[in-house]
Amino acid sequence: MSNKYQSWKEIFSFVDFRTKKGYNLNINVTVVTIEVIYVNEIEFKEVSYSSFGKEILKNISVKFEGGAIHTIVGPSGAGKSTLIKLINRLIDPTHGSILIDGVDVKTIDVIDLRRRIGMVFQQPHLFEGTVKENIEYGPMLKGEKNINVEYYLSIAGLNSEYATRDVKSLSGGEQQRVSIARTLANNPETLLLDEPTSALDPTSTEIVEKLIFNLKEKMNLTIIWITHNMEQAKRIGDYTVLLNKGQLIEYAKTYDFFTNPQNEITKLFIQGKLKEEVK
Amino acid sequence: MSVLSLTLASSLVLISIFVSYYQKLGIEKEIVIGTIRAVVQLTIVGYILHYIFAANSALFTLAMVTLMIVVAGNNASKRGKGIPNVFYFITFSIALSAAITISLLILFGNIHFRPQEVIPVSGMIVGNSMVASGLAVSRLKDEIKNKSEEIEAYLSLGATSRQAAQKVIKTAIKTGMIPTVYSMKTLGIVQLPGMMTGLILGGVDPIDAVKYQIMVAFMLASTVAISCFSVTFLTYREFFTSNHQLKEVGN
């Protein structure tokens, strides 16, 4: 399916990048009706990032195909979180550029960019108040009122009774689902997930995994998911990336990555023999 | 008070030196240096004030107040070490709180623009402003450092720097203001404030002294609010880039 969208994107690359997903622009060309859907392919071009003189990412070049789940694995301190923060411009690269569907992220209004690229963190970081207030936060910032909170709750697998609950009364798993619903309320086209299940129990982890998988299937979101858990990467990833000491070691289809790794470091990582980077 | 009785009173310092020596606190040297500095500084200030009061010059009065503000700004900015321009932000905030509060006191007829009144009142304002803005800046720095991921969670939902920092700004302002608000609650019960004590010792009727002290309490409430508000809103921007990114700030 993604290949079809890919070619559409190439044909209609002139279409305004900011057109919302779900708007589905219909263009009538004599007798043929063509539907344009956004692909959100994310490309890193020779990207490096340094902080306080230390090089965290070194010359990363990679293309994340749109509408797929890409899992990022690697030891602690490998630069995984840094890599995804570059996409929604929580930080900017020291060198190189990041393109979304061929457009440099630096040319897009940063607030607009972050609304289009949702991010979920390891901790839910919910604000004090009710679930409803949390979900309304993003839309409220852009002046949207009376959004359909129940709809976003239902996507996150929570029933409408949750809306009025105080976030303090929720379990860790429920909080993380509210955090995902809050991110989805901005109607993002891409999701960046920084170990969203690492603090959750196995049942909650499974619920979140299914939820994210459904988002990809039904809404064609591009998802970049950092995980420490190799089994999780195998379960959910279409593609897997290995980072080590700030370098991209291997990027392949998840099945190939785990069954036929091309790099010696990948082999060591899969065997659990790759040491963690000492910060 | 005669010079002889003041000299005899200096023996009180020996008690603190003895305690330090006996308990091996190792601060005898600090006590001696502190005592000498206090005596020298106060003596110099006494002579300067004596001269300024006699000259009754607006220029000298303003120069003295400016000096107080700059010294206070320099002192308080140590609490925001590592934050760019923090000295200017704190000094400006102290100056702003002093300017507004003193202007209002003169306008309301509480004090007159005379060195004898403006300088001591400014001293109290600047001193409290210094402590409050130092506390606010230090708390702001700690909060941003400790809550960086939470701030980034707000930013990634499309919040501006200002919106993302709203919670830490509130905490910082509150931290700066709380000591003054709490001390107002116990004023006159737990502590007889310096100004009132001084007036009573100087022979002023306690009822009149109390009037001045009430004015001081009102004045300090406004002072710390203005300085904390100003310094926090000026400083938080230093933690963000123009693209609403949280900067990495070293220690």
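**Entry 1. Conventions**

I take two strands as paired if DSSP finds at least two bridges between them. Helices (H or I, at least four residues) and strands (E, at least two) are DSSP runs, which I number from the N terminus. I note that the model is predicted, so that local features need pLDDT of at least 70 and side-chain atom pairs count only at pLDDT 80 or more, while totals for chains, interfaces and linings use all residues. Residues are numbered from 1 along each chain as its sequence is written, chains are lettered from A and ligands numbered from 1 in the order in which they are written, and side-chain values use heavy atoms, with hydrogens and water left out.

**Entry 2. The antiparallel sheet of chain A**

I looked up the four-stranded sheet of chain A, which is open, has the order S4-S3-S6-S7 and pairs in the antiparallel sense. Its edges are strand S4 (54-64) and strand S7 (103-104) of chain A, each of which pairs on one side only.

I then followed the pairings in turn. Strand S3 (residues 42-51) of chain A is joined to S4(A) by seven antiparallel bridges, and Tyr49(A) has Leu57(A) in S4(A) as its bridge partner. S3(A) is also antiparallel to S6(A), here over five bridges; in this pairing I find Ile42(A) opposite Ile100(A) of S6(A). Ile100(A) also stands opposite Val103(A) in S7(A), where S6(A) and S7(A) pair in the antiparallel sense over two bridges. The hairpin of S6(A) and S7(A) leaves two residues between the strands, and Asp101(A) takes a positive phi near 50° there.

Next I checked what lies across this sheet. Helix H2 (residues 80-87) of chain A lies across S3, S4 and strand S6 (95-100) of chain A, and runs at about 120° to S3(A). For such angles, axes are lines fitted to C-alpha atoms, for helices over the stretch in contact, and the values run from 0 to 180 degrees between N-to-C directions.

**Entry 3. The mixed sheet of chain A**

I recorded a further open sheet in chain A, with six strands in the order S8-S9-S10-S5-S11-S12 and mixed pairing. Strand S8 (117-120) and strand S12 (247-253) of chain A each have a single partner strand, so one side of each is left without a neighbour in the sheet. With direction ignored, neighbouring strands of this sheet are turned by 15° against each other on average. Within the sheet, strand S9 (residues 190-194) and strand S10 (residues 222-226) of chain A run parallel and are joined by five bridges. There I find Leu192(A) opposite Ile224(A) of S10(A).

**Entry 4. Chain B**

I find ten helices and zero strands in chain B. Its C-alpha atoms fill a box of roughly 70 × 55 × 35 Å, taken along the principal axes.

**Entry 5. The interface of chain B and chain A**

I looked up the contact (heavy atoms within 4.5 Å), which takes 19 residues from chain B and 26 residues from chain A. The two chains bury about 2,000 Å² between them, 54% of it on carbon and sulfur atoms; buried area is the accessible area (1.4 Å probe) that two parts lose on being put together, summed over both.

I counted salt bridges as a side-chain nitrogen of Lys or Arg within 4 Å of a carboxyl oxygen of Asp or Glu. Lys85(A) lies in helix H2 of chain A and Glu152(B) in helix H7 of chain B, so the pair joins two chains. The closest N and O atoms of Lys85(A) and Glu152(B) are 2.8 Å apart. Helix H7 (residues 148-156) of chain B gives seven residues, the largest share of the side of chain B that touches chain A.
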